[in-house]
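Dear colleague,

Please find below the structure that I am handing over to you.

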Amino acid sequence: MFSVPEPLSTASKASLDAQLNLLRATGNQSLEQSARLLDLQLNTFRHSMDEQARRTREVLHAADPQAFWQAVSQQPDADIWLNYSKQLTAIASASQSELTKITNQQAQDTLEKSLALFEVLSKNLPQGSEPWIALMRSGSNQASAQLENIQKLTRNLAENFEANLNQAGAQVEKAVKAASNLKKS
């Protein structure tokens, strides 16, 4: 007997559940990272406003023209923006890493479920279907190999992305320190 509907129905339900779980996981991750980004922006804005208020008080309370000119000519606090860029880099890196992990896990789960479904279906196929089964096994093996290649490529891209972010952060920090040294001299 050729009984395929039940395994297909189960596989369809599992596929739908997996897609919903992926949407839920990526949505939760996006919300979490958005909350971190909003918190970072609010804290940076607050620190920047506090610094601006301090400078305004210095200008208003200047006792002589030299103190007034010194207060007016102060540069914005580079440490605030340096800290902001470091934290922004960390948020972007963590977000990218987590989303990559989620999608790779989903792809692996989907492939494993597809292979399991194929095994169930191949046992229920009528005699004479062996060439079709061999062709499908070959396709499954190729799909598995491609998934491994994609995961390796994704890992490499993620590592390169993080390295580039770290390098950009280091360059910003170097530029800020150079600007601070110029300001002091």
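The notes below begin with the protein as a whole and then turn to individual residues.

Please bear in mind throughout that this is a predicted model.

Overall architecture

The protein contains 4 helices and 0 strands, and its order along the sequence is α-α-α-α. Its radius of gyration is 29 Å, whereas a compact globule of 185 residues would have a value near 16 Å. The C-alpha trace extends over about 100 × 25 × 10 Å along the principal axes.

Of the 185 residues, 19% count as buried. The accessible surface amounts to about 13,200 Å², and carbon and sulfur atoms account for 59% of that area. When contacts between residues at least 6 apart in sequence are considered, 78% of them join residues at least 24 apart.

As regards charge, there are 18 positive and 19 negative side chains. The centres of these two sets are 3 Å apart.

Residues in helix α1

Helix α1 covers residues 5–60, and glutamate 51 is found within it. Glutamate 51 has a relative accessibility of 16% and therefore counts as buried, the cut-off for that class being under 20%. Its side chain forms a polar contact with the side chain of arginine 54, at 2.3 Å. Once neighbours within four places in sequence are set aside, glutamate 51 is in contact with Asp77 and Ile80.

Arginine 57 also belongs to helix α1. With a relative accessible area of 46%, arginine 57 is classed as partly exposed, because that class lies between the limits of 20% and 50%. The C-alpha atom of arginine 57 is separated by 87 Å from that of proline 126, and the two residues are 69 places apart along the chain.

A residue in helix α3

Helix α3 runs over residues 78–124 and includes asparagine 104. The relative accessible area of asparagine 104 is 15%, so this residue is buried. If residues up to four places away in sequence are not counted, asparagine 104 touches Gln151 and Thr154.

Of the residues described individually, glutamate 51 is buried, asparagine 104 is buried, and arginine 57 is partly exposed.

With kind regards

How values were computed. Residues are numbered from 1 along each chain as its sequence is written. This is a predicted model: local features need pLDDT of at least 70, side-chain atom pairs count only at pLDDT 80 or more; totals for chains, interfaces and linings use all residues. Side-chain values use heavy atoms; hydrogens and water are left out. Helices (H or I, at least four residues) and strands (E, at least two) are DSSP runs, numbered from the N terminus. The radius of gyration is taken over C-alpha atoms; the globule rule is 2.2 Å times the number of residues to the power 0.38. Buried means under 20% relative accessible area, exposed over 50%, partly exposed in between (1.4 Å probe, protein chains only). Contact means heavy atoms within 4.5 Å. Accessible areas come from the Shrake-Rupley method with a 1.4 Å probe; for residues, only the protein chains shown count as cover. Lys and Arg count as positive and Asp and Glu as negative; His and the chain ends are not counted. The place of a charge is taken as NZ of Lys, CZ of Arg, CG of Asp or CD of Glu. A polar contact is a pair of N or O atoms within 3.5 Å; within protein, one must be able to donate a hydrogen and the other to accept it, and residues adjacent in sequence count only if both atoms are side-chain atoms.
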